[in-house]
Amino acid sequence: MQNIKAVIFDVDGVLLDSLEPHLRICRDKNVEYSLGLTIPSAEEFKGIVRSGKKISPMKYFFLSVGFPKHYADLATDYYNEYFMKEYAPKPFDGLDEALKTLKSENIGLGLVTSNVKSNILCSLSEYLHYFPPNCILAKEDYAGDSKADAILLVTERLGVLPTETLYVGDQIADKNAADDAGVQFVGVNYGWGFSGDETEFPVYESTYDIAKQAISQSGDFQPSRPNSCT
């Protein structure tokens, strides 16, 4: 494996602590629509993700917790307009230090996410200066293409090879996209899907730890277990 020259991040559950706000909007819409559902806890929902159920785009998130299709569509429309106004997630602690460390070593940075761009730009506004604007790809930026296609487009714009690129995600769909794009992959266990017991790829507990590994290793990533969670 070659040296890492670029790191591309997923957003929800990797850079943004967004699972609980997503479950909260489900609880509120469940009450508003009188659906009588039992919305899972964060840990229960992580089990749903690990089962392989589709949860993205947001319509599928609502479907995954039991919303009938009609109400999932209604809730998705509300989500797209009001989520960032009423449920805005916060970045994980330590994010600035991790990005600053990568940038200081001239490692290219990008974002590829299934979330909508307005959500990303709002939630990560103070960190966007670390990323070239054309290397921030959200759902609408690659509509009709796959996440793997979006990852490859960012590698091209950063001027690096796929084999020199690391994609960081928190769900098996992220791992599959990385594999399809031919980039390296590591997961995080503080996000939406991974438990930390995975053996087929490294799983980290810290974005800063990932940054240190990307700088110090030549693509040969090994899992580590720092005390911090972000």
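Helices (H or I, at least four residues) and strands (E, at least two) are DSSP runs, numbered from the N terminus. This briefing concerns a predicted model, in which local features need pLDDT of at least 70 and side-chain atom pairs count only at pLDDT 80 or more, while totals for chains, interfaces and linings use all residues. Residues are numbered from 1 along each chain as its sequence is written, and side-chain values use heavy atoms, with hydrogens and water left out. An open sheet of six strands is described below, in the order β5-β4-β1-β6-β7-β8 with parallel pairing.

**The sheet**

- Two strands pair if DSSP finds at least two bridges between them.
- Strands of a sheet pair through backbone hydrogen bonds, either parallel or antiparallel.
- In the open sheet of six strands, the pairing is parallel; its edge strands are β5 (136–137) and β8 (203–204), each of which pairs on one side only.
- Strand β4 (residues 108–112) runs parallel to β5 and is joined to β5 by two bridges; Leu 111 stands opposite Ile 136 in β5.
- Strand β1 is joined to β4 by four bridges, again in parallel, and Val 7 stands opposite Leu 109 in β4.
- Strand β1 also pairs with β6 in the parallel sense, over four bridges, and Phe 9 faces Val 168 in β6 as its opposite residue.
- From β1, Ala 6 and Ile 8 point one way, whereas Val 7 and Phe 9 point the other way, and all are buried. Buried means under 20% relative accessible area, exposed means over 50%, and partly exposed lies in between (1.4 Å probe, protein chains only).

**Helices on the sheet**

- Helix α7 (residues 147–158) lies across β1 (6–9), β4, β5 and β6 (165–169), and runs at about 155 degrees to β4.
- Helix α8 (residues 172–181) also packs on the sheet, where it touches β6 and β7 (184–188); the direction of α8 makes about 170 degrees with that of β7.
- For these angles, axes are lines fitted to C-alpha atoms, for helices over the stretch in contact, and angles run from 0 to 180 degrees between N-to-C directions. Contact means heavy atoms within 4.5 Å.

- The buried residues of helix α2 (residues 42–50) are Phe 45, Lys 46, Ile 48 and Val 49.
- Seen down the axis of α2, these buried residues fall within an arc of 155 degrees, so they line one face of the helix. The arc is that of the directions from the helix axis to the C-beta atoms.
- Helices α1 and α3 (58–64) are included in what covers the buried residues of α2.
- Pro 57 lies in the loop between α2 and α3, and the peptide bond from Ser 56 to Pro 57 is cis, with omega near 0 degrees.

**His 22 and its surroundings**

- His 22 is placed in helix α1 (residues 19–32) and counts as buried because its relative accessibility is 2%.
- Its side chain makes a polar contact with the side chain of Tyr 79, at 3.0 Å. A polar contact is a pair of N or O atoms within 3.5 Å; within protein, one must be able to donate a hydrogen and the other to accept it, and residues adjacent in sequence count only if both atoms are side-chain atoms.
- When neighbours within four places in sequence are left aside, the residues in contact with His 22 are Asp 12, Met 58, Phe 61, Tyr 79, Phe 83 and Trp 192.

**Cysteines**

- A search of the whole structure finds zero disulfides, a disulfide being a pair of cysteine sulfur atoms within 2.5 Å.
- The sulfur of Cys 26 is 20 Å from the closest cysteine sulfur, in Cys 122, which is too far for a bond.
- Cys 26 is buried, at 0% relative accessibility, whereas Cys 122 is partly exposed, with a relative accessible area of 43%.

**Exposed loop residues**

- Ser 34, in the loop between α1 and α2, has a positive phi of about 55 degrees although it is not a glycine; Ser 34 is exposed, at 63% relative accessible area.
- Asn 106 is in the loop between α5 (95–104) and β4. The phi of Asn 106 is near 60 degrees, a positive value in a residue other than glycine, and Asn 106 counts as exposed at 71% relative accessibility.
- Thr 199 is in the loop between β7 and β8 and counts as exposed at 75% relative accessibility.
- Thr 199 and Asp 73 are 126 residues apart in sequence and 37 Å apart in space, C-alpha to C-alpha.
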